[in-house]
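My entries follow in the order I looked things up.

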Amino acid sequence: MKSKNDLNDLPLLREQRIPQGMITLLENKDVIDNTFLDGIGNMQSLEKEIFRLTETYNGQDEILERVFHMVQIWGGMTGRHFYVRQNYHRDNFIEQYRRIAEMCRTIHDSSLESQRRLFDCLMHNRIRYVGVSFMTKHTRFWLVSSCGGDVLPIYDKFQARRVMGLEQSSWKTLIPYWERMKDIAKIERKSLLLLEREMANDSL
């Protein structure tokens with residue numbers, strides 16, 4: 001990991017309850033069993049476990065699948081669309097997700113060149129029913145192991161409204177959003193990871 005201090009100094013999410021509705025949905029669809037989150041009691045411990053898994057990943061499908069479901073749970077009930085709008089099977093996403101994860105691990109900064117590389121990867125490996133909001137949640141976790149605090153932030157509807165003055169996030173405005181966030185982080189002298197978290201807590 002580029003800098004563990006970036007995680008140690010990260011404020012807790014204001015909302016610490018894990019979305020129980022997501023867990024129930026995934027259990028009912030036999031995507032996970034009732035031991036999937038054993039030892040994980042709140043959002044902080046879930047987040048730490050996702051960071052641990054992305055840091056130690058070494059090509060294992062089991063870790064890819066586990067991280068994918070954990071991020072979908074972490075992201076909240078909107079993550080249900082991936083599971084309810086199609087019959088779930090690992091083949092629905094695993095190869096695309098592998099390419100995205102491996103691309104993230106080759107990126108070491110938030111430069112415009114890095115943004116374009118990641119964006120091209122995302123466009124060529126679209127996962128059905130995972131839009132820009134949730135996909136940037138996934139890439140945010142995968143990027144921390146190589147970028148530390150200089151991580152390309154999540155782009156959801158709250159960030160679209162606050163940062164871009166738009167009603168919704170979109171793929172079309174993703175790179176302009178990342179560039180705008182870099183400008184704000186520079187002005188406020190904060191890491192992108194810290195800025196994103198503070199904004200997320202303000203929206204709760």
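**Entry 1: aromatic pairs.** I began with a definition: rings of Phe, Tyr and Trp (its six-membered ring) pair if their centres lie within 6.5 Å. I note that this is a predicted model. I then looked up the total, and the structure holds 14 aromatic pairs.

I took Phe51 and Phe141 for a closer look. Their ring centres are 5.0 Å apart, and the planes make an angle of 50°. The pair is classed as tilted. Where do Phe51 and Phe141 lie in the chain? I found Phe51 in helix 3 (residues 43-56) and Phe141 in helix 8 (residues 132-147). The two are 90 residues apart, and the pair links distant parts of the chain. Are Phe51 and Phe141 buried or exposed? Both Phe51 and Phe141 are buried.

**Entry 2: a second pair.** Next I looked up Phe68 and Tyr97. Their centres are 5.1 Å apart and their planes stand at 85°, so I logged the pair as edge-to-face. The cut-off for that class is over 60 degrees. Phe68 sits in helix 4 (residues 61-74), and Tyr97 sits in helix 6 (residues 94-104). The pair therefore ties together parts that are 29 residues apart in sequence.

Phe68 has 0% relative accessibility, so Phe68 counts as buried. Tyr97 also counts as buried, because its relative accessibility is 0%.

**Entry 3: the cluster.** Which residues form one aromatic cluster? I listed Tyr57, Phe68, Phe82, Tyr83, Tyr88, Phe93, Tyr97 and Trp142.

**Entry 4: helix 6.** I went back to the helix that holds Tyr97. The buried residues in helix 6 are Ile94, Gln96, Tyr97, Arg98, Ile100, Ala101 and Cys104. What covers them? The cover includes helix 4, helix 7 and helix 8.

**Entry 5: helix 7 against helix 10.** Two packed helices are described by the angle between their axes and the distance between the axes. I looked up both values for helix 7 (residues 112-124) and helix 10 (residues 174-188). The axes come within 11 Å and cross at roughly 150°. Angles over 145 degrees count as roughly antiparallel, and helix 7 and helix 10 are therefore roughly antiparallel to each other. Their crossing is right-handed.

Which residues make the contact? From helix 7 I wrote down Leu112, Gln115, Arg116, Leu118 and Phe119. From helix 10 I wrote down Leu174, Ile175, Trp178, Glu179 and Lys182. Sorted by class, this contact has six nonpolar, one polar and three charged residues.

Conventions
Residues are numbered from 1 along each chain as its sequence is written. This is a predicted model: local features need pLDDT of at least 70, side-chain atom pairs count only at pLDDT 80 or more; totals for chains, interfaces and linings use all residues. Side-chain values use heavy atoms; hydrogens and water are left out. Axes are lines fitted to C-alpha atoms, for helices over the stretch in contact, and angles run from 0 to 180 degrees between N-to-C directions. Helices (H or I, at least four residues) and strands (E, at least two) are DSSP runs, numbered from the N terminus. Angles under 35 degrees count as roughly parallel, over 145 as roughly antiparallel, 65 to 115 as roughly perpendicular and the rest as oblique. A crossing is left-handed if the near helix is turned anticlockwise from the far one by less than a right angle, and right-handed if clockwise. Contact means heavy atoms within 4.5 Å. Ala, Val, Leu, Ile, Met, Phe, Trp, Tyr, Cys and Pro count as nonpolar, Asp, Glu, Lys and Arg as charged, and the others, Gly among them, as polar. Rings of Phe, Tyr and Trp (its six-membered ring) pair if their centres lie within 6.5 Å; planes under 30 degrees apart count as stacked, over 60 as edge-to-face and the rest as tilted. Buried means under 20% relative accessible area, exposed over 50%, partly exposed in between (1.4 Å probe, protein chains only).
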